[in-house]
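These are my notes on the structure shown below. They are set out as numbered points, from the overall fold to single residues.

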Amino acid sequence: MTQLRTITTVLTAGAFATLAFDTFGQAISPLLGYSKLAPVGLAGATLKSVFGANPSGAAHLLHVLTGLVFYAVGYFAIARPVQRAILPRLHWSVTAAVYGVALWVLALYVVAHLIAGNKPFLGFTGITWVALWGHVLYAFVAAYIMEAKGAVLELPGRMKPATI
């Protein structure tokens, strides 16, 4: 039962974080006069680069699965446990901010540049900075939900802190 609750929490965190990312990047940012993110376009370019084709709907599916599952699991299974092992007293919000920047580097350097063939960080144009804030927002929303619901991966051999 605990595993099902944890899986549900991580997926819920990913869903709400993806909604926050898309709402910010595709609606709020352009309303404020800044660039509009095109994550589905990047997903499509990545599919075309890797597989030579971008079937209808595949880019949308890749974008949703990335936000719903992969990025959320990255915080739950990698970022937070590593931070807790190295700096156990560091607040989760700092980890979330660093994780958001890491997601930004992954998306705009590794995926957009190294895989899809665009300029590094998309040439440091307006979209670059909207993407930075969008990925940090994603990480904060996902982390907040996981932390609020107690979805924390305990590393093997790690003792829980004593409670008074």
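1. Helices here are DSSP runs of H or I, at least four residues each, numbered from the N terminus. The model is a predicted one. In that numbering, Thr9 belongs to helix 1.

2. Overall, the protein contains 5 helices and 0 strands. Read from the N terminus, the order of elements is α-α-α-α-α. With a radius of gyration of 17 Å, close to the 15 Å that the globule rule gives for 164 residues, the protein is as compact as a globular protein of that length. Along the principal axes, its C-alpha atoms fill a box of roughly 55 × 30 × 25 Å.

3. If contacts between residues at least 6 apart in sequence are taken, 69% of them join residues at least 24 apart.

4. The largest nonpolar core comprises 30 residues, and Tyr75, Tyr99, Tyr138 and Met146 have the most contacts inside it. At least two core residues come from each of helix 1 (2-31), helix 3, helix 4 (92-115) and helix 5. Helix 5 provides the largest share, 10 residues. For Tyr99, the contacts beyond four places in sequence are Phe70, Tyr71, Gly74, Tyr75, Ala79 and Ala139.

5. Helix 5 deserves a separate check. After helix 5 comes Gly150, which has a positive phi, near 75 degrees.

6. How many salt bridges does a search of the whole structure find? The search returns 1. It pairs Glu147 with Arg80, with 2.6 Å between the closest N and O atoms. Distant parts of the chain are linked by this pair, since Glu147 is in helix 5 (residues 126-148) and Arg80 in helix 3 (residues 58-86), 67 residues apart. Glu147 and Arg80 are both buried. As background, side chains of opposite charge can pair when their charged atoms come close.

7. Thr128 is also a residue of helix 5. Is Thr128 buried or exposed? Its relative accessibility is 0%, and therefore Thr128 counts as buried, the cut-off for that class being under 20%. The Thr128 side chain reaches the backbone nitrogen of Phe124 at 3.4 Å. Setting aside residues up to four places away in sequence, Thr128 touches Trp104, Leu108, Phe121, Leu122 and Gly123.

8. To return to Thr9 in helix 1: this residue counts as buried because its relative accessibility is 9%. Which residues does Thr9 contact, leaving aside its neighbours within four places in sequence? They are Ile145, Met146, Lys149 and Ala151. Ser56, by contrast, is 47 residues from Thr9 along the chain, and the C-alpha atoms of the two are separated by 30 Å.

Key
Residues are numbered from 1 along each chain as its sequence is written. This is a predicted model: local features need pLDDT of at least 70, side-chain atom pairs count only at pLDDT 80 or more; totals for chains, interfaces and linings use all residues. Side-chain values use heavy atoms; hydrogens and water are left out. A salt bridge is a side-chain nitrogen of Lys or Arg within 4 Å of a carboxyl oxygen of Asp or Glu. Buried means under 20% relative accessible area, exposed over 50%, partly exposed in between (1.4 Å probe, protein chains only). A polar contact is a pair of N or O atoms within 3.5 Å; within protein, one must be able to donate a hydrogen and the other to accept it, and residues adjacent in sequence count only if both atoms are side-chain atoms. Contact means heavy atoms within 4.5 Å. A nonpolar core is a set of buried Ala, Val, Leu, Ile, Met, Phe, Trp, Tyr and Cys residues joined through side-chain atoms within 4.5 Å. The radius of gyration is taken over C-alpha atoms; the globule rule is 2.2 Å times the number of residues to the power 0.38.
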